[in-house]
Amino acid sequence: PRQRARRADAARTAAWHLLAAVDEGAYANLELPHVLRRFRLAGRDAAFATELAFGTVRQQGLYDLVIARATGRAVDTLDPELMRTLRLGAHQALSMRVPPHAAADQTVALARWVNGAGPAKLVNAAMHRMTEKDRETWVAEVTEGRGGVFEPADDGTDRPDRAGRHPVDQPEHVPGGRVAPDGRHQLPDKRNVVGHGGCREHQL
């Protein structure tokens with residue numbers, strides 16, 4: 001039988017702590033070097049942690065809708081620390097080249113480490129539900145009746161439809177979410193978002 005991970009790896013743990021810092025008001029791009037040094041990450045591990053954290057926040061609107069379906073609970077009723085873990089799992093399962101079983105096993109291992117054994121059981125069930133369907137199927141399900149066309153970009157990130165809209169990231173779906181005139185997604189400011197960890201990026 002396949003052996004499950006007993007402890008989360010450093011890259012995934014670092015991504016979780018970067019999201020925690022953002023939730024507390026840190027600028028993601030300024031906090032990132034500190035987190036990478038803290039967990040002694042470089043090369044491919046550092047790149048993985050960076051994509052995992054930034055990609056998770058970038059597509060948070062979609063993942064929260066998926067998590068609500070996969071857990072059977074409204075996301076604002078789930079513990080914020082648990083939501084970080086679930087969002088990271090959703091990004092691995094739906095938008096990264098991580099095999100479904102690895103996304104599930106590693107996310108459960110992360111949950112045991114940062115959330116505890118009890119919450120890890122919920123994560124285990126949710127991840128198995130998430131990995132039963134591919135990204136396109138989930139997008140079709142969670143955007144049904146919401147209007148617009150949600151299209152995955154070739155690089156795995158979200159892109160707007162022809163009207164420049166992100167159906168799952170419009171303000172009515174993610175409070176504080178905005179789309180710039182050129183169609184680029186502007187992440188919601190944490191100060192304007194309740195129950196959503198916005199990514200604050202310092203303008204250098």
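**Entry 1: overall figures.** I started with the surface. The accessible surface of the protein comes to about 10500 Å², and 49% of that belongs to carbon and sulfur atoms. Areas come from the Shrake-Rupley method with a 1.4 Å probe, and for residues only the protein chains shown count as cover. I note that this is a predicted model: local features need pLDDT of at least 70, side-chain atom pairs count only at pLDDT 80 or more, and totals for chains, interfaces and linings use all residues. Residues are numbered from 1 along each chain as its sequence is written, and side-chain values use heavy atoms, with hydrogens and water left out.

I then checked burial. Of the 204 residues in the protein, 50% are buried. Buried means under 20% relative accessible area, exposed over 50%, and partly exposed in between (1.4 Å probe, protein chains only).

Next I listed the elements. I found 8 helices and 4 strands. These are DSSP runs numbered from the N terminus: H or I of at least four residues for helices, E of at least two for strands. From the N terminus the order is α-α-α-α-α-α-α-α-β-β-β-β.

I also looked up contact range. Among contacts with a separation of 6 or more, 62% join residues 24 or more positions apart. A contact means heavy atoms within 4.5 Å.

**Entry 2: helix 4.** I moved to helix 4. It has 12 residues and reaches 16 Å from its first C-alpha to its last, close to the 16 Å expected at 1.5 Å a residue. The expected span is 1.5 Å times one less than the number of residues.

How much of helix 4 is buried? I get 10 of its 12 residues, so helix 4 is largely enclosed by the rest of the structure. The buried residues are Q60, G61, L62, Y63, D64, L65, V66, I67, A70 and T71. Their cover includes helix 3, helix 5, helix 7 and helix 8.

I picked out G61, found in helix 4. Its relative accessible area is 7%, so G61 is buried. G61 and R87 are 26 residues apart in sequence and 9.9 Å apart in space, C-alpha to C-alpha. Just after helix 4, G72 takes a positive phi of about 75 degrees.

**Entry 3: helix 4 against helix 8.** I wanted the crossing angle. The axes of helix 4 and helix 8 come within 10 Å and cross at roughly 85 degrees. That makes helix 4 roughly perpendicular to helix 8. Axes are lines fitted to C-alpha atoms, for helices over the stretch in contact, and angles run from 0 to 180 degrees between N-to-C directions. Under 35 degrees counts as roughly parallel, over 145 as roughly antiparallel, 65 to 115 as roughly perpendicular, and the rest as oblique.

Which residues meet? From helix 4 I list L62, Y63, L65, V66, R69 and A70; from helix 8, R135, W138, V139, E141 and V142.

In helix 8, the buried residues are R135, W138, V139, V142 and T143. They cover an arc of only 110 degrees around the axis, which puts them on the same side of helix 8. The arc is that of the directions from the helix axis to the C-beta atoms.

**Entry 4: helix 7.** I turned to helix 7, residues 117-130. It has 14 residues and reaches 20 Å from its first C-alpha to its last, close to the 20 Å expected at 1.5 Å a residue. A120, V123, A126, M127 and M130 are its buried residues. They cover an arc of only 125 degrees around the axis, which puts them on the same side of helix 7. Their cover includes helix 4 (60-71), helix 5 (80-95), helix 6 (100-114) and helix 8 (135-143). On the face turned away from the buried side, I find the exposed residues A117 and K121.

N124 and A109 are 15 residues apart in sequence and 9.2 Å apart in space, C-alpha to C-alpha. A125 also lies in helix 7 and is partly exposed, with a relative accessible area of 28%. The C-alpha atoms of A125 and A70, 55 residues apart along the chain, are separated by 8.0 Å.

**Entry 5: a backbone check.** Most residues other than glycine have a negative phi. R40 is not a glycine, yet it has a positive phi of about 55 degrees. I place R40 in the loop between helix 2 (28-38) and helix 3 (43-58). At 78% relative accessibility, R40 counts as exposed.
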